[in-house]
Amino acid sequence: MQTVSNGIGDVRRQADAQWAAARLAATYQGLPEGISKAMLLDRFERAAPRLGYGDGLVRLIRALVRVTAEQDWTGRTHPLAWPSNDALCEELQRSRSCVQGLIRLAVRAGLVHMKDSGNGKRWGYRDERGVIVEAFGFDLAPMAARWDEFADHAAARGLEQAQRRHLKRKLGEIRREIRTVCADAVYRGFTTYDWAGAVDLALGRLPRTPSLAELAALHETFQALLAAVDAAWVRARKSDESEPRGFSDEAHKEPTTQPRSAGATYSSLRQEVVEPAAPRPERAVAAERPEVEAAISEEIIPLSLVLEAIPELADFLEDPAAAQWEDLVDAVGRAAPLMGINLSAVREARDAMGKNRAAIALATVLARWKDGEIRSSAGGYLRAMCERERFGGLKLLPSLYGLKERSDPPRPHARRTGRAE
């Protein structure tokens, strides 16, 4: 067999890749400080898919690296492994011809450099300290020389996997939201959009192993479908509300519980909540309204009243006694999916009312849902509250009074049974 000497060992004159592997081996100076062979193997296995290396090649390199010692990678000697083809066949559970093909593939990939003995056999021995004295076989120095390359590819693959997980999670959320909006539209009897077709698209099977580009394209497609479904729902709702319903002489009922009168119940508490301590700027419109009809905001409604009126929030708060507005917002955000309220309805409420006021609205929906007052669609109830908020007709403070009275009803006065003598 024709061989040439390059100062390190004998290299088969078969391909330019072997010379490239020999040049990499010549630059070997050991692994960087603090890097072990286990870390090198981990980065290589994580980078293999990006480099196009198959499972068989990865298993071959793993078997070769494992039979080396940690001290072989310090730079004093080259990391050499000399397992026979029979041992590799047993380790990899492959045929001899398959193992020989994997070895040639490893050489062409620039992962190993074949250091041959005079008779073409692989052998080696170590001294009493375990240091390689002389060996012939697989020189793994090119692996150490490519540490930076493997580390960069492994990091890039980690970012790609994180993006894939994020896109898959977002796809799941968007598809569930599409199904929820379509189900609500079908329940309401809206016929201005192909709701069944949108549901079929949302229930369609995704590719088994989609690439990052395919996931990004699917994300854009389903985002556009969700926007179309939301827009169709809003148009259908407005069209349904604008249709004439006939003459009705019934009083218009608010989706909240109104107090019995302006001064009959909770007068002192209502004065404390509705009227802020600082003087308010004079407004002609507000001056004409009764005090109980004044516009309420999150600054006027104290958090303590919300927590007292809606004890159901305690199930979603870690410490109700020390809860803040941010805790309330997070709590109702976790409670919304349990009630069947999709994310688009929550976003609509926050856009229409503000973050804190929307949290109060969601809390009142939670209380009524727990009591069984809302049986069909909590999301539709919340959207109706958003519509009333846009027209200035939503009053949250009377709802809190009514819910507080529900949780702590006033005690009736005891009758006097004795007669005055």
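This is a predicted model: local features need pLDDT of at least 70, side-chain atom pairs count only at pLDDT 80 or more; totals for chains, interfaces and linings use all residues.

Visitor: How many salt bridges does the structure hold?
Guide: There are 17. Each is a side-chain nitrogen of Lys or Arg within 4 Å of a carboxyl oxygen of Asp or Glu.

Visitor: What does arginine 390 form a salt bridge with?
Guide: Glutamate 348, with the closest N and O atoms 3.1 Å apart. The pair links distant parts of the chain: arginine 390 is in helix 16 (residues 378-390) and glutamate 348 in helix 14 (residues 343-353), 42 residues apart. Helices are DSSP runs (H or I, at least four residues), as are strands (E, at least two), numbered from the N terminus.

Visitor: Is glutamate 348 buried or exposed?
Guide: Buried, because its relative accessible area is 13%. The cut-offs: buried is under 20%, exposed over 50%, partly exposed in between (1.4 Å probe, protein chains only). Arginine 390 is partly exposed at 44%.

Visitor: Which residues are linked in a network with them?
Guide: Glu348, Arg383, Glu387 and Arg390 are linked by salt bridges.

Visitor: Switching topic. Which residues make the nonpolar surface patch?
Guide: Trp123, Tyr125 and Val133, covering about 280 Å². Patch residues have over 30% relative accessible area and no salt bridge; like charges are joined within 9 Å, nonpolar side chains (Val, Leu, Ile, Met, Phe, Trp, Tyr) within 5 Å. Areas come from the Shrake-Rupley method with a 1.4 Å probe; for residues, only the protein chains shown count as cover.

Visitor: Where does valine 133 lie?
Guide: In strand 6 (residues 132-139).

Notes
Residues are numbered from 1 along each chain as its sequence is written. Side-chain values use heavy atoms; hydrogens and water are left out.
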